[in-house]
2 protein chains.
Amino acid sequence: MIRVGIVEDDKEIRGAVKEYLDDQSDFSCSLACESVELFMKHLNEETLPEIILMDIGLPGMSGIKGIKLIKEQHPDINLIVFTVYHDSDKIFQSLCAGASGYLLKNAPFSEIKQAIKIVHEGGASMSPQIARNVIEFFQAPKNKPESILTDKEQEIVMGLVDGMSYQMIADQCYISIETVRSHIKSIYKKLQVHSKAELIKKSFEGSI
Amino acid sequence: MIRVGIVEDDKEIRGAVKEYLDDQSDFSCSLACESVELFMKHLNEETLPEIILMDIGLPGMSGIKGIKLIKEQHPDINLIVFTVYHDSDKIFQSLCAGASGYLLKNAPFSEIKQAIKIVHEGGASMSPQIARNVIEFFQAPKNKPESILTDKEQEIVMGLVDGMSYQMIADQCYISIETVRSHIKSIYKKLQVHSKAELIKKSFEGSI
DNA sequence: TGAAATATCACATGATTATGGGATGGTCAA
DNA sequence: TTGACCATCCCATAATCATGTGATATTTCA
């Protein structure tokens, strides 16, 4: 018997999911609330779930914050996001906050059930569309849109990012420090930055 | 009818999967080879698949390189990794190379079929265990081992990372620039760095 | 309680950076 | 062949940074 909690503001959905889970022989819904605040208030030994289905767009505290909060206080509980949002931002924020799954609300009951089982067994579950988003996260950095910087300029950026001074870069590239300066001037102009710090930041953000 | 390719060095497995797919009414295995080299050699209009099941541990060219190669030459083909490896390294390398799915070899035929369908519809599919690994990638950086920096110091680091000058940070924190300098001195000492550049780099690497 | 850590400030000096001028020669495509 | 880039160099100046040597007040914790 897997004990499941639900945080979902839509009464209809909350009720339907709860009813469905309670109908299953191997599930029970131990606590279903419309907000994180209420959920935390009613959370006790009696109602403690193993898995929580968590909506994100909630009145009061957001689901993302809710995930963080619950994970801090009950690290053993696994959370599955259950939402209509499928933008990368929400997905990554949820995962970073500690979610172990991400279901879209159009998922059929059977998929919800399946996801809960998987997470309960120590796996993770995502709707295919979400998985695609997540996977593209790893691939995106690859297709770096042809940098507007020339080869030499990129080489110099790499040096700066590695913490080298102009002089060190000059030595490494067998050019004079004046040339390094000159390149950096045009790099700054192209990227619209005005300091090494900004440049390094942009570089790490993958915007080069 | 979804056309599927297989790259898998184990003859038994290759044969079994091919047979299974060919038995399905909505699948056909258009090409099954034991290495990337052979696969590329026999790849033509006739044999062109929409989805490829790709082993990683292959004789000759590795599956990872194979994924890159195939994606470069045929960007429309989607690849699903099919392997025994479940270590993060292999997973991330595969995803970065361009894979749209990652199945473990213990997956039942039905899961393989399901995964191919999902990927064919534009989604991505991972075995639950793999999904867990991927998700933990996002959560790992969270457990940053209690920074040795004090709150104030961290605040200043954030400023520097955002490209602010000492003076700007001083203004923002309502302290004098001398104090900023002082904090930065101890930050540098603690982190064993000697320039903004190195500090920002460390910060982005998550080693703070 | 008393030492250690933290947060705040000051002054000084040399190094490095940011930014503005220019100049020369090479490549490549219109 | 002309103009648009690119890579290379030089000079100059003001701002900023790295680092040192202090000092004082508060907080923390053993």
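The exercises below work through a predicted model.

**Exercise 1. Find how chain B is laid on chain A, and name the symmetry.**

Solution. 
- Name the relation: that is a two-fold axis.
- Locate the axis: Ala197(B) is the residue of chain B that comes closest, with its C-alpha at 3.0 Å.

**Exercise 2. Describe the contact between chain B and chain A.**

Solution. 
- Count each side: chain B puts in 30 residues, and chain A puts in 30 residues.
- List the elements of chain B that supply at least two residues each: helix 4 (88–97), strand 6 (125–126), helix 6 (128–139), helix 7 and helix 10 (196–205).
- Pick the main contributor: helix 6 of chain B gives the most, with 8 residues.
- Sort by class: the side of chain B has 16 nonpolar, 9 polar and 5 charged residues.
- Compare the sides: 100% of the interface residues of chain B are also interface residues in chain A, so the copies meet through the same surface.

**Exercise 3. Check the span of helix 6 of chain A, then list its buried residues.**

Solution. 
- Span: the 12 residues (128–139) reach 16 Å from first C-alpha to last. That is close to the 16 Å expected at 1.5 Å a residue.
- Burial: Pro128(A), Ile130(A), Ala131(A), Arg132(A), Asn133(A), Val134(A) and Ile135(A) are buried.

**Exercise 4. Characterise the surroundings of DNA strand C.**

Solution. 
- Assign elements: helix 9 (177–191) of chain A, and helix 7 (151–161) and helix 9 (177–191) of chain B, each give two or more residues.
- Classify: 4 are nonpolar, 9 polar and 8 charged.

How values were computed. Residues are numbered from 1 along each chain as its sequence is written. Chains are lettered from A and ligands numbered from 1 in the order in which they are written. This is a predicted model: local features need pLDDT of at least 70, side-chain atom pairs count only at pLDDT 80 or more; totals for chains, interfaces and linings use all residues. Helices (H or I, at least four residues) and strands (E, at least two) are DSSP runs, numbered from the N terminus. The expected span of a helix is 1.5 Å times one less than its number of residues. A residue is buried if 20 or more other C-beta atoms lie within 10 Å of its own, exposed if 12 or fewer, and partly exposed in between; C-beta atoms are placed from the backbone. A residue is near a molecule or strand if its C-beta atom, placed from the backbone, lies within 6 Å of it. Ala, Val, Leu, Ile, Met, Phe, Trp, Tyr, Cys and Pro count as nonpolar, Asp, Glu, Lys and Arg as charged, and the others, Gly among them, as polar. Copies are superposed by least squares on the C-alpha atoms of residues with pLDDT of at least 70 in both. Two residues are in contact if their C-beta atoms, placed from the backbone, lie within 7 Å.
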